Amino acid sequence: MRRAAIERLLPAAYQRASVPGSVLFALLEVMEALHAPDEAVLADVDALFAAYRAPDGFVGYLTRWVAMDHVLASPRPDAPPALPVGRLRDLVAHGAHLARWRGTPYGMRTALELSTGVTGFVLDEPVDRPFHLVVRVPPAAAGSLALIGRIVAAEKPAAVTAEVVLLGDAEPADPPADPEPPVDPPPPTGPAVGRASVPPPRTLPPPGPSAEEPS
């Protein structure tokens, strides 16, 4: 709030006493300076909640806000991010889209691709094992098995079991568990990745008329 605006809130006698060089005039200028930082934040408050404009230290909170906190290795808000900040921003930007498709193969594949920056995940449902999912990981994402395991556990339907296996492995292997107590990873370095684009889900053609139906 500017000094003149504060002065108009004062009684008329105080307004007349607020002249340059007076104690009251100096006090109102100090009040204006004290309000300036908060007003600057309020003028751009929407930036705090925009995926690609929020400060780096606030992105972890936004990740939890859109229910993607399972990608963070540690529950402590002050822990270094487990992913580059750019990938966390991509997850926040697509948080509503991921929530819409949660529990589907498309939703899980999209969450894995956004989190790892790698494409080529294959989701199989063996015919001899109902309610079981095999997530096959491309070799480029071999170093993120712990993260992939957390994502699979959070994104799969509750009634479905799942396992993670590297493409090319002979036998499926469970992803390694996070160490106990958890060890915070070093903060990622380098520039943040650009904005990710998510392909739309594949749609199936409508079923044709049954052969038993009369033409």
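Helices (H or I, at least four residues) and strands (E, at least two) are DSSP runs, numbered from the N terminus. Helix α1 (residues 3-7) holds Glu-7.

This is a predicted model, in which local features need pLDDT of at least 70, side-chain atom pairs count only at pLDDT 80 or more, and totals for chains, interfaces and linings use all residues. Residues are numbered from 1 along each chain as its sequence is written, and side-chain values use heavy atoms, with hydrogens and water left out.

**Overall fold**

The protein chain contains eight helices and three strands, in the sequence order α-α-α-α-α-α-α-β-β-α-β. Buried residues (under 20% relative accessible area; exposed is over 50%, partly exposed in between; 1.4 Å probe, protein chains only) make up 30% of the 215 residues of the protein chain. Contacts are heavy atoms within 4.5 Å; of those between residues at least 6 apart in sequence, 57% join residues at least 24 apart.

Glu-7 counts as buried because its relative accessibility is 17%. Its side chain makes a polar contact of 2.9 Å with that of Ser-18 (a pair of N or O atoms within 3.5 Å; within protein, one must be able to donate a hydrogen and the other to accept it, and residues adjacent in sequence count only if both atoms are side-chain atoms). Leaving aside residues up to four places away in sequence, Glu-7 touches Gln-15, Ser-18 and Leu-28.

Met-31 lies in helix α3 (residues 23-43). With 30% relative accessibility, Met-31 counts as partly exposed.

Helix α7 (residues 105-116) has twelve residues and spans 16 Å from its first C-alpha to its last, close to the expected 16 Å; the expected span is 1.5 Å times one less than the number of residues. Ten of the twelve residues of α7 are buried, among them Tyr-106, Met-108, Arg-109 and Leu-112. Just after α7, Gly-117 has a positive phi of about 75°.

Helix α8 is largely enclosed by the rest of the structure, because eight of its eleven residues are buried. These include Leu-145, Ile-148, Arg-150 and Glu-155. Cover for the buried residues of α8 includes α7, β2 and β3 (161-166).

The elements against which the buried residues of α7 pack are tabulated here.

| Element | Residues |
|---|---|
| α5 | 85-93 |
| α6 | 95-100 |
| β1 | 122-124 |
| β2 | 132-137 |
| α8 | 145-155 |
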